[in-house]
Amino acid sequence: LKMDHHCPWINNCVGAFNHKFFVLFLLWIPITAAWLCGTGLYHVVYSDFLVEFSLGYVNLLASLLAAGVFGGSLLLFGLFHLRLACRNRTTIELFEKPGRNLWDLGTRRNLAAVFGPAWYLWPLPIATPGGDGLHFPTGPD
């Protein structure tokens with residue numbers, strides 16, 4: 001049974017059939033936060049920010065700070081889970097079963113096990129990988 005952890009953000013367990021969506025969530029949020037920070041900073045730099053200082057600008061700066069901190073934190077968490085996916089491990093396996101990983105198939109096949117066989121669909125939240133969630137191929141001895 002491939003189970004990563006129970007996630008309070010999505011109020012569900014992260015396992016074989018939704019692992020891809022969880023990792024994509026962790027990687028797309030920082031991209032969105034970076035876009036928000038970039039467009040917000042552009043607005044601050046190229047507007048009359050210092051001339052017309054108002055509560056709206058305080059809210060904008062607070063939002064940019066929150067997006068930067070939240071996006072940076074989730075980027076680190078997302079890269080950690082992407083690294084686990086590259087090694088075909090779950091968080092539980094990482095902490096409870098240190099050492100050799102029997103299910104390590106190599107980075108490409110490990111990512112295909114999480115994101116699906118079509119690499120061009122990996123960044124999109126569609127096409128989950130096949131399997132029954134109970135039986136998984138093992139790596140070479």
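## Basis of the model

Two strands pair if DSSP finds at least two bridges between them. Helices (H or I, at least four residues) and strands (E, at least two) are DSSP runs, numbered from the N terminus. The model is predicted: local features need pLDDT of at least 70, side-chain atom pairs count only at pLDDT 80 or more, and totals for chains, interfaces and linings use all residues. Residues are numbered from 1 along each chain as its sequence is written, and side-chain values use heavy atoms, with hydrogens and water left out.

## The strand hairpin

Strand S1 covers residues 3-7 and strand S2 covers residues 12-15; the two run antiparallel and are joined by four bridges. Within this pairing, Met 3 stands opposite Gly 15 of S2, and His 5 stands opposite Val 14 of S2.

S1 and S2 make a hairpin, with four residues between the strands. In the turn, Asn 11 has a positive phi of about 50°.

## Cysteines

No disulfides are found in a search of the whole structure, a disulfide being a pair of cysteine sulfur atoms within 2.5 Å. Cys 13 counts as partly exposed because its relative accessibility is 35%. Cys 37, at 17%, counts as buried.

## Packing of H1 and H2

Helix H1 (residues 19-45) packs with helix H2 (residues 55-86) at an angle of about 150°, and their axes are 8 Å apart. The axes are lines fitted to C-alpha atoms, for helices over the stretch in contact, and angles run from 0 to 180 degrees between N-to-C directions. H1 is therefore roughly antiparallel to H2; angles over 145 degrees count as such, those under 35 as roughly parallel, 65 to 115 as roughly perpendicular and the rest as oblique.

H1 and H2 have a left-handed crossing, meaning that the near helix is turned anticlockwise from the far one by less than a right angle. By class, the contact of H1 with H2 has 22 nonpolar residues, six polar and no charged ones. Here Ala, Val, Leu, Ile, Met, Phe, Trp, Tyr, Cys and Pro count as nonpolar, Asp, Glu, Lys and Arg as charged, and the others, Gly among them, as polar.

## From H2 to H3

Asn 88 is placed in the loop between H2 and helix H3 (91-96). Its phi is near 55°, a positive value in a residue other than glycine. Most residues other than glycine have a negative phi. With 12% relative accessibility, Asn 88 counts as buried.

Thr 91 is in helix H3 and is buried, at 17% relative accessibility. Thr 91 and Met 3 are 88 residues apart in sequence, and their C-alpha atoms are 8.5 Å apart in space.

## H4 and the segment after it

Val 114 lies in helix H4 and counts as buried because its relative accessibility is 2%. Between Val 114 and Gly 15, which are 99 residues apart in sequence, the C-alpha to C-alpha distance is 9.8 Å.

Pro 123 is found in the segment after helix H4 (107-115). Pro 123 is partly exposed, with a relative accessible area of 38%. The C-alpha atoms of Pro 123 and Lys 20 are separated by 9.2 Å, and these residues are 103 apart along the chain.

Definitions and conventions:
Buried < 20%, exposed > 50% of the residue type's maximum accessible area, 1.4 Å probe, protein only.
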